Amino acid sequence: MTDALRDELLRMGEAAPPAVVPRDVWDRGRRARRRDRVVAGGAVLSVLVALGGLGVLLAGPGRHEAPPVSSRSEAVPSVIHHVPARLEQLPATGHDVAWDPKLAESDLAIGRASVAFTSGERPLPVVITAADGAYHLLKLPGWVGSNIASGVVEGGPLALSPDGRQLAWGWYDPRTLGTDKKGVVAAGVRVADLETGKVRTVGLSGGHGVAVGTIRWSPDSRWIVWYGAETDVWTEGQAGSTHLVAGRIARGATTSELVGLDRAGSEQLVIDDHGTVSWTTDSGWESVDREGQSTDVTDVMSGVPGTAAAVSPSGRSVALATGQPRQDALFFRWVVRGLGGGSDLVGRIETVPEVLHAKLPADRYPEGATIEPVGWADDDHVVTLVTAAHDVRRSRGGSDWTGGETSLVVMSAPGGARDSSYDVVARLARSDQGDGRITAMSVAVDLLDQPTRDFPAPEWPWSDERKVAVYGGIGVALLAAVVFGLAYRRGRRLL
Amino acid sequence: MTDAEAEFNAFVAARTAALSRTAYLLTGDHHLAEDLLQTALFQAARHWERIETAPEAYVRRVLYTQNVSWWRRRKYAESGLGSLDVAAPCAAPDLRLTLEQALARLTPKQRTVLVLRYFEDLTEVQAAAALGVSAGTVKSTTRQALARLRTLAPELSELIGVTP
């Protein structure tokens, strides 16, 4: 080796003018990347299709049935997937949107469930079973969530009980729906036992029919509180309301007891194991117990924009939802406070209302997050959906995007657990274009006494575009394999 | 503009001059060097997610291997300095011309190995890793290249020295 040769090469290099790099090189590279992905995807899919077809042929009839799953494997899925909007069937005139009839399930004896949610712009019900993580596109009898009347009240009328064994939804009878504005629509709440499939119907009366907007379960899965609109018109093409109503339904009951609301609003009501219904007001807190005794606390919520969302098993604490991004989660609870004895010989105690704050991890949510509690794992730990305010790019290699996604979190409530904790136990998969938006999610929080489980992602029927891409991809894959083989051989000959 | 595109553009702006020098030494021709570098940057953009933590290493590897690949594919006949557009100041112009002419008559494989060893200052093991060949191949190719230089241009003996 000679230093002189090195020096001379350096001089030659220095003499070379900088090359001109076209501005579109990035765009061309990315286009090529997208083409690579299509080809690679087609190749992989074609192989999978071939293998899958071979597997079916080899398995023969009946062998594909899944073995029975023991109840110990029941769990909440670690990833909750969206349902493609193309699985919805566009409604005929006078009908609501519905799931594709080939996919919709009307047998509600699907077994214990882990998650329920509504999907799409005209929301349809989806339930995930706890044993196998399967997605069930349910055809709930009288589902009101896709009817025009659902627009007169906020929320989604679907709720899975905390134990995962019952599903409640808002219901109406389409046969009573006419064109006459004076007609009365039969409507209310229905509850299905997911293990037997039996459905309990609770009729609600008021105005021209009560359109249920939201439903909540008590922590022990015995009580239901619903919130809805007493319509003043409800026809095939029109619905309106100026009067909001709420009520509680006891376990096994087929009637509902109205709960007096002081004012119209968008409250999310909660109900505890004793049947006491609570909600937030503009600045305070209001409760009505089973005897109709009302507790009205004013000004405790001053300056705190929260709405009630989930009551703890003991009924002492409520996790509040926050519509605006915040750096903390809010809780409302009653605390027992001792008072000085003063001139009395015996000291006194009283319960006083208190709003508590639990800090969210700042590194995970630098822009804050919105909170939507869905239940309590125990009296000290709330289960909540947390959505980061903005996309946040993490530093690890610049490729790990976690921001903006919604996570299911089990976090300690302030003033309860000895050690504060914040555990992300599941997440919503990123939605693709064409996926239905997930709303009104409820979770069988009783299942969170064990870890969430990695179930296979749901396999939806292929779209027409995908069929074309895959079958076309088989041909392209073969071509790509030939090209790859040639390139590989050339690469091995490189030097 | 995405963050990735901004990172790519920043990389191009910062490293184009240095990469151009390597490309020129590999090809011996300004236009070919430009094509070679553009091809390497196109490949970098294509695989940016995978290489963004170390894009330069990837781009250099593409330069080395693509140069040889082109030659193999096109049976390219190198033509010495005739295509150089710009003459650059040099401490020893006569010597430089002779070396460039001699380099032009090496195979791209030999030329690439010399550039890696004496311009990029890589060890045999590093050069072997960059080219995806064994260190023994790099060693033998280097020896062959230097021997050929001596044969083609005996006047360069002082520059080249003894066989390593």
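Predicted model: local features only at pLDDT ≥ 70, side-chain atom pairs only at ≥ 80, totals over all residues.
Strands of a sheet pair through backbone hydrogen bonds, either parallel or antiparallel. Here, four strands of chain A line up as β15-β16-β17-β18 in an open sheet, and their pairing is antiparallel. Its edges are formed by β15 (270-271) and β18 (294-297) of chain A, each of which pairs on one side only. Further in, β16 (residues 277-280) and β17 (residues 285-288) of chain A are joined in the antiparallel sense over four bridges. Within this region, A:Ser278 stands opposite A:Ser287 of β17(A).

Turning to chain B, helix α7 (residues 124-131) has B:Ala127, B:Ala128, B:Ala130 and B:Leu131 as buried residues. These four lie on the same side of α7(B), because they cover an arc of only 160 degrees around the axis. The face turned away from that buried side carries B:Val125 and B:Ala129, which are exposed. After α7(B) comes B:Gly132, with a positive phi near 75 degrees.

Finally, the two chains meet through a pair of helices. Two packed helices are described by the angle between their axes and the distance between the axes. For helix α1 (residues 3-15) of chain A and helix α6 (residues 108-119) of chain B, the axes come within 9 Å and cross at roughly 105 degrees. The two helices are therefore roughly perpendicular to each other. On the α1(A) side, the contact is made by A:Leu5, A:Arg6, A:Leu9 and A:Leu10, while α6(B) contributes B:Leu114, B:Arg117, B:Tyr118 and B:Phe119. Sorted by class, this contact has six nonpolar residues, two charged ones and no polar ones.

Notes:
Residues numbered from 1 in each chain as written. Chains lettered and ligands numbered in written order. Heavy atoms only, no water. Pairing = 2+ DSSP bridges. Buried < 20%, exposed > 50% of the residue type's maximum accessible area, 1.4 Å probe, protein only. Arc of directions from axis to C-beta. Axes fitted to C-alpha atoms, helices over the stretch in contact; angles between N-to-C directions. Parallel < 35°, antiparallel > 145°, perpendicular 65-115°, else oblique. Contact = heavy atoms within 4.5 Å. Nonpolar A, V, L, I, M, F, W, Y, C, P; charged D, E, K, R; others polar.
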